[in-house]
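Look at the sequence and the fold together. The paragraphs below go from the overall build to single residues.

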Amino acid sequence: MLKKVPKATLKSLMKKKANIRIGTAADAMVELNVLLFLHSLAEEARTKAFEEKSATIKAHHVKAVSKKLLKRARG
């Protein structure tokens, strides 16, 4: 299980990166976005492993899918 990032650390990182106001629930939204991204990454990696007839998701499955997902997430 992943450990949560402390809220104070997350807010300080967000303030350094943007010159906009940060709402009260911004840290929760960032955490949920990360969880959604990891979930979609796991689903795509599972599909890739299934295509290659592998019962286990391996690192090369995740690497093959991560570039595609990052492009989709950014654009």
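This is a predicted model: local features need pLDDT of at least 70, side-chain atom pairs count only at pLDDT 80 or more; totals for chains, interfaces and linings use all residues.

Residues are numbered from 1 along each chain as its sequence is written, and side-chain values use heavy atoms, with hydrogens and water left out.

The protein has 3 helices and 0 strands. Read from the N terminus, the order is α-α-α. Helices (H or I, at least four residues) and strands (E, at least two) are DSSP runs, numbered from the N terminus.

How does the radius of gyration of the protein stand against that of a compact globule of 75 residues? The globule would come near 11 Å, but the protein has 16 Å. The radius is taken over C-alpha atoms, and the globule rule is 2.2 Å times the number of residues to the power 0.38. Along the principal axes, the C-alpha atoms fill a box of roughly 45 × 30 × 15 Å. Of the 75 residues, 13% are buried. Buried means under 20% relative accessible area, exposed means over 50%, and partly exposed lies in between (1.4 Å probe, protein chains only). Take the contacts between residues at least 6 apart in sequence: 28% of them join residues at least 24 apart. Contact means heavy atoms within 4.5 Å.

Now the helix pair. Helix H2 spans residues 26-51 and helix H3 spans residues 59-74. Their axes come within 9 Å and cross at roughly 130°. Axes are lines fitted to C-alpha atoms, for helices over the stretch in contact, and angles run from 0 to 180 degrees between N-to-C directions. H2 and H3 are therefore oblique to each other. Angles under 35 degrees count as roughly parallel, over 145 as roughly antiparallel, 65 to 115 as roughly perpendicular, and the rest as oblique.

Which residues make the contact? H2 contributes Phe-37, Ser-40, Leu-41, Glu-44, Ala-45, Lys-48 and Ala-49. H3 contributes His-61, Val-62, Ala-64, Val-65, Ser-66, Lys-68, Leu-69, Leu-70 and Arg-72. By class, the contact residues divide into 9 nonpolar, 3 polar and 4 charged. Ala, Val, Leu, Ile, Met, Phe, Trp, Tyr, Cys and Pro count as nonpolar, Asp, Glu, Lys and Arg as charged, and the others, Gly among them, as polar.

The loop between H2 and H3 holds Ile-57. Ile-57 is partly exposed, at 40% relative accessible area. Leaving out residues up to four places away in sequence, Ile-57 touches Ala-42, Ala-45, Arg-46, Ala-49 and Val-62. Ile-57 and Arg-46 are 11 residues apart in sequence, and their C-alpha atoms are 6.0 Å apart.

Lys-53 is found in that loop between H2 and H3 too. Its phi is positive, about 55°, although Lys-53 is not a glycine. Most residues other than glycine have a negative phi. Lys-53 is exposed, with a relative accessible area of 79%.

Lys-4 is found in the segment before helix H1 (7-17). Lys-4 is exposed, at 67% relative accessible area. Lys-4 and Glu-31 are 27 residues apart along the chain, with C-alpha atoms separated by 8.4 Å.

Lys-15 lies in helix H1. At 58% relative accessibility, Lys-15 counts as exposed. The C-alpha atoms of Lys-15 and Ser-54, 39 residues apart along the chain, are separated by 43 Å.
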